[in-house]
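This report goes through selected local features of one protein chain. The sequence and the structure come before the text.

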Amino acid sequence: MKFERKVNYYETDKMGIVHHSNYIRYAEEARIEFFDYIGIPYKDNIEGRNMLSPVLSMKCNYKHSATFNDILEIDVNIKEWNGVRITIEYIVKNKETGKLIANMESSHCFTDMNLKPLNLKKEHKDLYNIFMENIHN
């Protein structure tokens, strides 16, 4: 799935480029949109089932700068999924130029409201299957 986002002025630094911390926000926005796209609206199917999905790790390799008013195109895919842990990859490009801006990856697990890990294959088979159908090979 491709997610588009326009860079806001307040997201840039004194050098006129997107501050590095904003890429984590872009990934979060893209991930939530991706969940909606594959049929797992976060509000209904994660929070609505009294589940959480904490971030376990975040990686970002910056390749080129983005600036105010650029349209970023973020290609979002499931890289790994085992029923407990999911890794999402994000390829961020400048939509107009096609330049690669960043490669990112976030890992998450699923837990109950007490942060006890859940195995979706056993406890929410419908969600497990949707994630399985959307793994990027």
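Asn 69 is found in the loop between S3 and S4; helices (H or I, at least four residues) and strands (E, at least two) are DSSP runs, numbered from the N terminus. This is a predicted model, in which local features need pLDDT of at least 70 and side-chain atom pairs count only at pLDDT 80 or more, while totals for chains, interfaces and linings use all residues. Residues are numbered from 1 along each chain as its sequence is written, and side-chain values use heavy atoms, with hydrogens and water left out.

Most residues other than glycine have a negative phi. Asn 69 is not a glycine, yet its phi is positive, about 80 degrees. With a relative accessible area of 41%, Asn 69 is partly exposed; buried means under 20% relative accessible area, exposed over 50%, and partly exposed in between (1.4 Å probe, protein chains only). Leu 115, also a residue other than glycine, has a positive phi near 65 degrees. Leu 115 sits in the loop between strand S7 (111–112) and helix H3 (120–123), and at 55% relative accessibility it counts as exposed.

## Strand pairing

Two strands pair if DSSP finds at least two bridges between them. S1 and S4 run antiparallel and are joined by five bridges. One of the residues involved is Phe 3, whose bridge partner in S4 is Ile 74.

S4 also pairs with strand S5 (residues 85–94), in the antiparallel sense and over nine bridges. Here Leu 72 stands opposite Asn 94 in S5. The hairpin of S4 and S5 has three residues between the strands, and Gly 83 in this hairpin takes a positive phi near 100 degrees.

## Aromatic pairs

A pair of aromatic rings is described by the distance of the centres and the angle of the planes. Rings of Phe, Tyr and Trp (its six-membered ring) pair if their centres lie within 6.5 Å; planes under 30 degrees apart count as stacked, over 60 as edge-to-face and the rest as tilted. By this rule there are nine aromatic pairs. In one of them, the ring centres of Tyr 9 and Phe 68 are 5.5 Å apart and the planes are at 90 degrees, so the pair is edge-to-face. Tyr 9 lies in the loop between strand S1 (2–6) and helix H1 (22–38) and Phe 68 in the loop between strand S3 (55–62) and strand S4 (71–81), so the pair ties together parts 59 residues apart in sequence. Tyr 9 is exposed at 61% relative accessible area, whereas Phe 68 is partly exposed at 42%.

Trp 81 and Tyr 128 form a tilted pair, with 5.9 Å from centre to centre and 40 degrees between the planes. Trp 81 belongs to strand S4 and Tyr 128 to helix H4 (residues 125–133), so this pair links distant parts of the chain, 47 residues apart. Trp 81 is buried, with a relative accessible area of 9%, and Tyr 128 is buried at 10%.

## An aromatic cluster and a charge

Trp 81 and Tyr 128 belong to one aromatic cluster with Phe 35, Tyr 42, Phe 110 and Phe 131. Arg 31 lies over the face of Phe 35, at 5.7 Å from the ring centre; a charge sits over a ring if NZ of Lys or CZ of Arg is within 6 Å of the ring centre and within 35 degrees of the ring normal.

## A buried threonine

Thr 111 lies in strand S7 and is buried at 2% relative accessibility. Not counting residues up to four places away in sequence, Thr 111 touches Asn 50, Met 51, Leu 52, Pro 54, Lys 116, Pro 117 and Leu 118, where contact means heavy atoms within 4.5 Å.
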